[in-house]
Amino acid sequence: MQPSSQHSKVTSAREAVASIPDGSNLTCGGFAHSLTPIALVHELIRQGKKDLDLTSMGECWAADLLTGAGLLRRARLSNYMFEGFGRCMNFSRAVQEGRIEVEDYSHFGITSRLQAAAMGVSYMPTKVMAGTDILNIKSFDDDKYKMTECPFTAEPYVAVRAIQPDVAMIHASRADTFGNAQVFGATSIIEEQARAAKRVILSVEEIVPSSEIARRPELTLLPGFMVDMVVKIPFGAHPGGMFRYYNYDDEHIGQYWTASKQADTFEQYLAEFVYGVEDRWGYLDKIGARRLMQLRADPGLGY
Amino acid sequence: MPVTDFTREELMAVAASKEIHDGEVAIIGTGLPMIASYLAKRTHAPTVSLFFESGIIDAFPRELATGVGDFRLMSNCIKAAGLYYALSLLQGGRVDLGFLGAAEIDGYGNINSTVIGDYIKPKVRVPGSGGANDIASLAKRVVIIAAHTKRRFPEKCQYITTPGYLDGPGGRERAGLRGNGPVRVVTNLAVMGFDDQTKRMKVESLHPGVTLDDVQENTGFELLTADVVGETPIPTVEQLRLLREEIDPDGIYISRG
């Protein structure tokens, strides 16, 4: 028997985000200015969540917005950088002023923690980070690493412990109503994040029939049984981009980045684009149809 | 006719491109490493495989990309995968060469890209490792590209994000690192390597018009010098044409001086 509409996981951004308790350990999708779950992050900010932890690799947008809005308590990270612009300003300022705690990893190191959880093992042996201050200097992760050796060859390894975020917030290209989700282009660490997390909240550019998903199964990144809630949010990654849908918005990213250099100008940014709108449609109205149409991808190029 | 009209950045791109050998697999970032890699691929290394930590393998972009997550790289590539896949190629021993930048680099080629000042409440928080630690731990060879100033070349990094030779000879082996470490540092003043015995940085060639004193004055530690310090080879007419007309026609990474 095929699943029917009563099995649908489709909900609103407001309801999906309302299900996230204060103090949650989040992981958010996105690489540089693509696949960014901005609409869901804005909703977190509007709902005034508190004391969040972020387990991340390089998801600069979630980190910077959440820090700038004062929602973040601690961050595990490898690298936060606004590619093409500069440092992650809200985040850097908060670290410099001691307002948030950070724990550094390498890309492979932190993703190995997620991959261990995804595979249902309690740790992952790696050959990275050894000999450096990433291991020598610990902040809040008491279980950051342990040296171990292979039981077969006695080769030394840096073991990192499995980590299971409470919620993964992922923005994908498209899904059916059951959460079978597809992504066009490079996929960052979405798969590891979603497989590691206890719950997955998915937003997508479009909801398509299951038959359309099944027609291109090689594009499916997450089967629906791994996804708990599905929200349809067109332009949900803006000012980031989605390959084959729309390019990232250089102009708006520049506006954001400039505003993020100081607390007061960033407050104004939030007041205008996050607190000052009721939902994502209000935000898109602010960006304007003309700009959104300019960003739409050329079908041949994909950007 | 000798070419005289070229910029330091063009010279650096040409010097860095020489580090790429045909038939190899290299992990690259944006900026000068990307320019140098494309130059190598169009000249002496046509079968080099180039990939980005973002999971993009062998991209042939129609326009120059401005970041490793740029859709221009995704739109025309051999494989668009995930980051964990891309970096696992390093741990799997598949990667010959990696390029890195640096906020700080010491005499053993260790790199800081995490904090200026203490780790807790630093003076300046900079981006962090990213894939750099992974690349430097695991790629067979590493080439570093940096602007040459005393502040960027201190005696000791304030935080070691990315391993060079760590505390000297045998440091990498003691830490259990698989890659062989940095082999070259290309700056706007010189090309440097590392002494086999001491693992300390040594000057191998000077860019035209630069003296050894200039390089030492801009370095916060004592530099060794190779037995013969030559002049960094200048770009050929064809290399300059490729850089200016085909690879970076808009001067995104290589300013026209």
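Modeller: Residues are numbered from 1 along each chain as its sequence is written, and chains are lettered from A in the order in which they are written. Because the model is predicted, local features need pLDDT of at least 70 and side-chain atom pairs count only at pLDDT 80 or more, whereas totals for chains, interfaces and linings use all residues.

Colleague: What makes strands S1 and S2 of chain A a pair?

Modeller: Strands are DSSP runs of E with at least two residues, and helices are runs of H or I with at least four, numbered from the N terminus. Two strands pair if DSSP finds at least two bridges between them; S1(A) (residues 25-28) and S2(A) (residues 52-55) have two bridges, in the parallel sense, and therefore meet that rule. One bridge joins Asn25(A) to Asp53(A) in S2(A). S1(A) also pairs in the parallel sense with S10(A) (residues 167-175), over three bridges, and there Thr27(A) stands opposite Ala168(A).

Colleague: Why is the unit of S1(A), H2(A) and S2(A) called right-handed?

Modeller: The word applies if, with the strands pointing away from the viewer, the path from the first strand over the helix to the second runs clockwise; the β-α-β unit with helix H2(A) (residues 38-46) between the two strands is assigned that hand.

Colleague: What makes S7(A) and S8(A) edge strands?

Modeller: The open sheet has the order S7-S9-S8 in chain A, with antiparallel pairing, and S7(A) (123-126) and S8(A) (146-149) each pair on one side only. S7(A) is joined to S9(A) (residues 156-161) over four bridges, with Tyr123(A) opposite Arg161(A).

Colleague: How many residues of chain A are in contact with chain B?

Modeller: Counting two residues as in contact if their C-beta atoms, placed from the backbone, lie within 7 Å, 47 residues of chain A are in contact with 47 residues of chain B. Helix H5(A) gives the most to the chain A side, with four residues.

Colleague: How do you know that the radius of gyration of chain B agrees with a compact globule?

Modeller: The radius is taken over C-alpha atoms, and the globule rule is 2.2 Å times the number of residues to the power 0.38. With 257 residues the rule gives a value near 18 Å, and chain B has 18 Å, so the two agree.

Colleague: What share of chain B counts as buried?

Modeller: A residue is buried if 20 or more other C-beta atoms, placed from the backbone, lie within 10 Å of its own, and 54% of the 257 residues of chain B count as such.

Conventions:
A residue is buried if 20 or more other C-beta atoms lie within 10 Å of its own, exposed if 12 or fewer, and partly exposed in between; C-beta atoms are placed from the backbone.
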